[in-house]
Amino acid sequence: MSFEKRRKICIGLLAVSVIFWFLRKLSIVYIPAASAFALAASMILLGVSMLQTSSSKKLASVFIIAFGLFMIVFGVIELYGYFHG
């Protein structure tokens, strides 16, 4: 997969995440953890892309991947709270 295609996918997932968050804040529709999982996928894909292309930004890409993994944990906690709370 080319870098441009990955970048477009990351931007699309980020837009989906913001849209779901905005709809939740306006109390229009609430899908548990949709925003967190979309943001996690975007961040992990971006971090992996940065690791493959630039050797000087390895620390930044590791932090971005770690943030994506944290968002997965946050999404699981949100799902647990929604179904058991």
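Mentor: We shall go from the overall fold to one helix and its partners.

Trainee: What should I know about the model before we start?

Mentor: This is a predicted model, in which local features need pLDDT of at least 70 and side-chain atom pairs count only at pLDDT 80 or more, while totals for chains, interfaces and linings use all residues. Residues are numbered from 1 along each chain as its sequence is written, and side-chain values use heavy atoms, leaving out hydrogens and water.

Trainee: How many helices and strands does the protein have?

Mentor: There are three helices and zero strands. Helices (H or I, at least four residues) and strands (E, at least two) are DSSP runs, numbered from the N terminus. The C-alpha trace spans about 45 × 20 × 20 Å along its principal axes.

Trainee: How much of the protein is buried?

Mentor: Of its 85 residues, 28% count as buried; the term means under 20% relative accessible area, with a 1.4 Å probe and protein chains only.

Trainee: Turning to H2, what is its reach from first C-alpha to last?

Mentor: Helix H2, residues 34-53, reaches 29 Å, close to the 28 Å expected at 1.5 Å a residue. The expected span is 1.5 Å times one less than the number of residues.

Trainee: And what covers its buried residues?

Mentor: The cover includes helix H1 (3-25) and helix H3 (58-84). Among the buried residues of H2 are Ala38, Leu39, Ser42 and Met43.

Trainee: At what angle do H1 and H2 pack?

Mentor: The angle is about 155 degrees, and their axes are 8 Å apart. That makes H1 roughly antiparallel to H2, a term for angles over 145 degrees. Axes are lines fitted to C-alpha atoms, for helices over the stretch in contact, and angles run from 0 to 180 degrees between N-to-C directions.

Trainee: Which residues make that contact?

Mentor: They include Ile9, Cys10, Leu13 and Leu14 of H1, and Ala38, Leu39 and Ser42 of H2. Contact means heavy atoms within 4.5 Å.

Trainee: Is Ser42 buried or exposed?

Mentor: Ser42 is buried, with a relative accessible area of 2%. Leaving aside neighbours within four places in sequence, Ser42 is in contact with Cys10, Leu13 and Leu14.

Trainee: What about the angle between H2 and H3?

Mentor: H2 and H3 pack at about 160 degrees, with their axes 8 Å apart. These two helices are therefore roughly antiparallel to each other.

Notes: Buried means under 20% relative accessible area, exposed over 50%, partly exposed in between (1.4 Å probe, protein chains only). Angles under 35 degrees count as roughly parallel, over 145 as roughly antiparallel, 65 to 115 as roughly perpendicular and the rest as oblique.
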